[in-house]
Amino acid sequence: MEHSVHYIELSKNPIRFDAVSQLTNVFFDDSNKQIFAVRSGGATGVVVKGPTEDKVISFCMTDRGAIRSIKFSPDNQILAVQRRENSVEFIYFQGDQPQLQNIIVHQVKALVYGFVWVHNRECALISNSGVEIFTVIPEKGQVKSIKSMNLSIKWFAWCSEANIAVLCTTDSQNSLIPVLIKQKSITKLPKLDLGSGSREIQESKVTLGQIYGVMAVLILQPSSAGMIEVEVYLLNGPGLAPRKCHVLRLGLVGRFAINTVDNLIVVHHQASATSLLFDISLSGEVTNDVTYHKPITAGRSIRPFALKLPSLLPDGQILQCELYSTNWVLFQPNIVIDAKLGCMWYLHLDIESLCTLISDRIRLTEFLLQRNNGKAALLRVIRTLVNDQYNGSFLPVLETIFNKINKVYASWVQLELQNQTAQPSNVKTTPKLPAPPKVLIEQCDMHSQVFQSIAEKPQCETILLLYLQSLCQHNIAAQEDLSKMIINELIRNKSFDTLRRLVEYSLLMESKAIACYLLSHSNEDCAVSQVALDMLNKIKAYEIAIEVLLGQGKVIDALRLAINTTETERISARKFLEAALKTKNDITFFNVYKFFQLRNVKKHGSTDFLKSEQCYEFVQLYNSLYNCATPTP
């Protein structure tokens, strides 16, 4: 069963094109992700598709000789075609049709290895004598050189995502030279040193790509043990020399090809028809500042693909595609083309399958936190750990997982706070937030998608407190829903001392809503009511605290709190006298009445209550209890 699990798959709807034949040649432009099917040199038609099936351009052009390379400018308005080793021709388009009467031919005195578009009207030509950028001016039918760099070049590789070409020169077989090619500029970057004992690198052994936003040069090299390894050189920043940072141990020999999918390096091995998956963000064995990685899990085949062939019958004919075919050609980052079959696929990652294959849940968490579609899968993993698979021995694992997701969460919260505080109050424009992490798991996600599934289960309190502890370690305040759920579990389990300490140390959300929520559970135990009062006092919600104390018959305590927090003249005599009367305790009523008499003396020089205070009935009661004459209202 395990061997039937596949973690890499081909896109369900491949881009179909005319297959290679005696009349049809196929070319691919890895910058625009366009595939060209050229029939009879273009005389009987050129069909361009990509990067999606619905993007189609069809036209005809004159057969002026065998085509070596063909590429559109980024806006699809100029077509560059290389037919000879020392020239490139440019055809201007109006709409989707070429203007064949005005073909511009750019000829050089060098061997042209290839060309790349760097702007809608700027093209870089790379030859054995160097790199040249020129502008194409279709209105004048000419090209104009604007920048050049002279170098003796053997071959080059191009990374369209980073606009960087890596050049192999005749001067040194132990180094490669990265060159940044942008509009109107060619910048030579620090060379990539392969070491003094390195043999000459072949173009087929080099793959360029961007991994975690950093330009990477991947080189297939034999190890001292005779196995093939992938050396990963990273271009870490301006002025910094590329450095060998990682080595991928394949443990195999033979023919290999490389793709990158969702910042993972996928190494395909043709002989075993398997693909190995590597993540350089995960830890590995470190030697001399180089991290050596093993595959994330055992190599597995790409998921089998059934291709529906064109047919007049409603059911059609199904063809099981040959995986790892000798007809396959791979392009970066994740493109597979079978020119003989006439199909172009994108490689995709099957996250769910990988979750079943990576048994180490902490390593799986680290892995999923870096994936574009990792959030739902990671929440499912955590939900399974706290629910179906829960075991007390998993608590250290859960603690580590909580810390890892909350480290990312805390960084994002900090960024949001910095962005808010950096904005001047008089500026009305909304500041642009940085891009959120690939996987951001907030409290609301954990509450709704994880913790709700274990509500009122024996392990719920322990897991909630473990998560709360992790939040506190990362200086993240608990929110309302999480705080309420923790309160529910603590009250249900009669863990009142824990509840008191959480409020004492401000570990739960402090608000009137939470305090009132605590009060709504005060019938469970008097300790809950006291905790609610403690919170109200902490947030200085004294009016609510006074009302609570009065409702509990603690009139003296309520009066003491009112004296300490409110101007004496503003304290309502009627409210307190009425509450004292309800206690049916004569001593309480006497003390409250005497307090207000003394206040009246200070306030207006007499023990009498003002008519506006509406205390006549209490004056009558007091006089009847203590045989005093009742003044006329």
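Author: Two strands pair if DSSP finds at least two bridges between them. Strands are DSSP runs of E with at least two residues, and helices are runs of H or I with at least four, numbered from the N terminus. The model is predicted, so local features need pLDDT of at least 70 and side-chain atom pairs pLDDT 80 or more, while totals for chains, interfaces and linings use all residues. Residues are numbered from 1 along each chain as its sequence is written, and side-chain values use heavy atoms, without hydrogens or water.

Six bridges join β12 to β13 (residues 122-127), and the two run antiparallel. Val112 stands opposite Ser127 in β13.

Next, a pair of helices. The axes of α6 (residues 460-473) and α7 (residues 480-492) come within 10 Å and cross at roughly 140 degrees. Such axes are lines fitted to C-alpha atoms over the stretch in contact, with angles from 0 to 180 degrees between N-to-C directions. α6 and α7 are therefore oblique to each other. Oblique is what remains once angles under 35 degrees (roughly parallel), over 145 (roughly antiparallel) and 65 to 115 (roughly perpendicular) are set aside. Contact means heavy atoms within 4.5 Å. In α6 the contact residues include Cys460, Tyr467 and Leu471; in α7 they include Leu482, Met485 and Ile486. The contact holds 10 nonpolar residues, two charged and no polar. Here Ala, Val, Leu, Ile, Met, Phe, Trp, Tyr, Cys and Pro count as nonpolar, Asp, Glu, Lys and Arg as charged, and the others, Gly among them, as polar.

Some links span the chain. A salt bridge is a side-chain nitrogen of Lys or Arg within 4 Å of a carboxyl oxygen of Asp or Glu. The count is 24. One joins Arg303 and Glu9 at 2.4 Å, N to O. Arg303 lies in the loop between β29 (290-293) and β30 (306-309), and Glu9 in β1 (residues 8-10), 294 residues apart.

Ser283 sits in another loop, between β27 (274-278) and β28 (285-287). Leaving out residues up to four places away in sequence, Ser283 touches His293 and Arg363.
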